[in-house]
Amino acid sequence: MGSDVLPCYVACDVSLSMTDHIDELNTGLREFRGAVHADASVAGRVFCSVVGFGERPQVVQSLLPMDDLAQLPEPGRSAGTNFGPLFTFLRSTIDRDVAVLKRHRLVVHRPLVFLLSDGQPTDPVTWPFAFAALTDPSWSCCPRVVTFGMGDADEDALGRIGTFRAYWGRDGVRMGTALIASVMHVLSTSRPPADRTLSKRGSARGLPWKRTEGEDRGAR
């Protein structure tokens, strides 16, 4: 396994309005995993976490190598799509995960957040403040953010949030394609900051992460 890794966080809207899209999202996750494993230059270098969110975020899979990806749960009864709690959760989670990777002497690329939604944020007043904290350029773990809009997604909001790229399903783009294109672009064009390079002998083996109770085994 290579010594440099890219932490990737796939945040999927699982509010009630997403009922008709869940199969498409799970298919996209399988396609993403398959594409990563099919490319020897990428396999083993991408760690992925899957987060579902509605009124609040829920960990579907903690950050793990791409051996498999957990399947998203069916949307709950929540009609809310709150972006603010998700951004706050991602900031604290990324901070913790990157610290663990660094302790294991790995070279860490700037994290990638991939957010998918089909609607409008139901916390329009508060989410911009949480997003500003997540994308604060003075924060050493500040992620690139990619958005993927489905159905009647709020083009203005997702356009503001997609600091790296913004995709739209109505343009015929598939979720899996957008994910792998974003990951490949990062790995092929960027280098980890020098202050994150701890050892070229680093290995991702032996990391303390494992599936927590309640996490799905995932779709292969």
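Predicted model: local features only at pLDDT ≥ 70, side-chain atom pairs only at ≥ 80, totals over all residues.
Reader: How many residues of strand S5 are buried?

Author: Six of the six residues of S5, which spans residues 112-117, are buried, so the strand is largely enclosed by the rest of the structure.

Reader: Which residues lie on each side of S5?

Author: In a regular strand, side chains alternate between the two faces of the sheet. Here Leu112, Phe114 and Leu116 are on one side, and Val113, Leu115 and Ser117 are on the other.

Reader: In which sense does S5 pair with strand S1, and in which sense with strand S6?

Author: S1 (residues 4-13) pairs with S5 in the parallel sense, over five bridges. Within this pairing, Tyr9 stands opposite Val113. S5 and S6 (residues 144-149) also pair in the parallel sense, over six bridges. There, the bridge partner of Leu116 is Phe148 in S6.

Reader: Through which helix does the chain cross from S5 to S6?

Author: The chain passes through helix H3 (residues 127-134), and this β-α-β crossover is right-handed.

Reader: Which residues of H3 are buried, and where do they fall around the helix axis?

Author: An α-helix has 3.6 residues a turn, so residues three or four places apart point the same way. In H3, the buried residues are Trp127, Ala130, Phe131 and Leu134. Seen down the axis of H3, these fall within an arc of 100°, so they line one face of the helix.

Reader: What covers the buried residues of H3?

Author: The covering elements include helix H2 (83-103), strand S6 and helix H4 (155-161).

Notes:
Residues numbered from 1 in each chain as written. Heavy atoms only, no water. Buried < 20%, exposed > 50% of the residue type's maximum accessible area, 1.4 Å probe, protein only. Helix = DSSP H or I, 4+ residues; strand = E, 2+ residues; numbered from the N terminus. Pairing = 2+ DSSP bridges. Right-handed = clockwise from strand over helix to strand, strands pointing away. Arc of directions from axis to C-beta. Contact = heavy atoms within 4.5 Å.
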